[in-house]
Amino acid sequence: MIPALRVRRLFHTVEAYQGVDVFPAVVEPWLDEHTDAVREALAPLAALGGWTRTEYEFGDPLETAYALSRVSDALIYKFQPLLPPGSETPWAHDIHEPERWPRITCDQYLAAFARFGMAPIGDVAFEPFFHEVVHVEQHEYPGAPVEITGTLWPGLTFGQMLFSRTGVTVRAGARHLVAGIADRSPLHSVFMRRYRDTFDGSLGWGSNSQWKTDFRRDYLTDAAFHFAIDEEPDSDQDIHGGPRRLTPPERSDLVRHRCLTRPLQDPEAWHSASPGGRLTVWRT
């Protein structure tokens, strides 16, 4: 069985599990049987430039990584706060009923993904490459930099590649992040979150087609942060072929944070805003 299908079966088993402790009952036995095959399938992704899709093949490394990211989302789901009162229920929640998903400890989560060669991001200053904003406390001074005030779940790297971001609460000035936007606007290239709406390429597709979704690849090198490397260069057209209404800084923030972070210069662009291609941010 190809590795992507093995991971897909793990997701469905975790989704259906109704016992007390999913790690020893489901995750650990699966790891004992399948880790080597999945790790080998993912290995070409660890370094920037290590793998490029030249022709489509079902279950290739991008689809294997996507399947594993859905397992990760299921396992960290209960680390997250509930939807704010009055929020509309995200479409993905209706489909998957994630409140039934089992809990796992942080140590169990890290131990599981260490088997694939992944490492925790650790304690670093706020950077959207590494951190997903779960809650913003608005600083009284608009120019105040973003400061991490708490960590809800750990992020992971796979060599140079980002696998998942650390979930954090922050305090920030409104010139950087606005409460109610940076922590509530839909997250792109993310399967599911408990506390907010998300969007990835799987939504709206059937039980098989949804697994043909590609994992978004971001890489960190000594020189730069490389975001969404498999996308085409950014253009002045939106996903529907119309003109892009976002300013260049707004487009850059949307790629880096995977969500909107502040009010838009053109409020009418809110509902059509989507990340606009790959981005390189040089490190200083």
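How many bridges join E2 to E6, and do these strands run parallel or antiparallel? Seven bridges join the two, and they run parallel. The model is predicted, so local features need pLDDT of at least 70 and side-chain atom pairs count only at pLDDT 80 or more, whereas totals for chains, interfaces and linings use all residues. Residues are numbered from 1 along each chain as its sequence is written, and side-chain values use heavy atoms, with hydrogens and water left out.

Strands E2 and E6 belong to an open sheet of three strands in the order E2-E6-E3, with mixed pairing. The edge strands, each pairing on one side only, are E2 and E3 (147–153). Strands here (E, at least two residues) and helices (H or I, at least four) are DSSP runs, numbered from the N terminus; two strands pair if DSSP finds at least two bridges between them. On average, neighbouring strands of this sheet are turned by 25° against each other, direction ignored. The axes are lines fitted to C-alpha atoms, for helices over the stretch in contact, and angles run from 0 to 180 degrees between N-to-C directions.

Within this sheet, glutamate 137 stands opposite arginine 171 in E6. The two residues also form a salt bridge, with the closest N and O atoms 3.4 Å apart. The pair links distant parts of the chain, glutamate 137 being in strand E2 and arginine 171 in strand E6 (residues 166–172), 34 residues apart. A salt bridge here is a side-chain nitrogen of Lys or Arg within 4 Å of a carboxyl oxygen of Asp or Glu. Glutamate 137 is partly exposed at 39% relative accessibility, and arginine 171 is partly exposed at 28%. Buried means under 20% relative accessible area, exposed over 50%, and partly exposed in between (1.4 Å probe, protein chains only).

Strand E2 (residues 131–138) also holds glutamate 132, while arginine 193 lies in the loop between E7 and E8, so their pair ties together parts that are 61 residues apart in sequence. Arginine 193 and glutamate 132 are both buried.

Another salt bridge joins the side chains of arginine 194 and glutamate 99 (2.9 Å, N to O). Arginine 194 lies in the loop between strand E7 (187–188) and strand E8 (198–199) and glutamate 99 in the loop between helix H4 (91–96) and helix H5 (106–114), so this pair ties together parts that are 95 residues apart in sequence. Arginine 194 counts as buried at 10% relative accessibility, whereas glutamate 99, at 41%, counts as partly exposed.

Elsewhere, a network of salt bridges links Arg53, Asp60 and Asp214. The count comes to 13 salt bridges.
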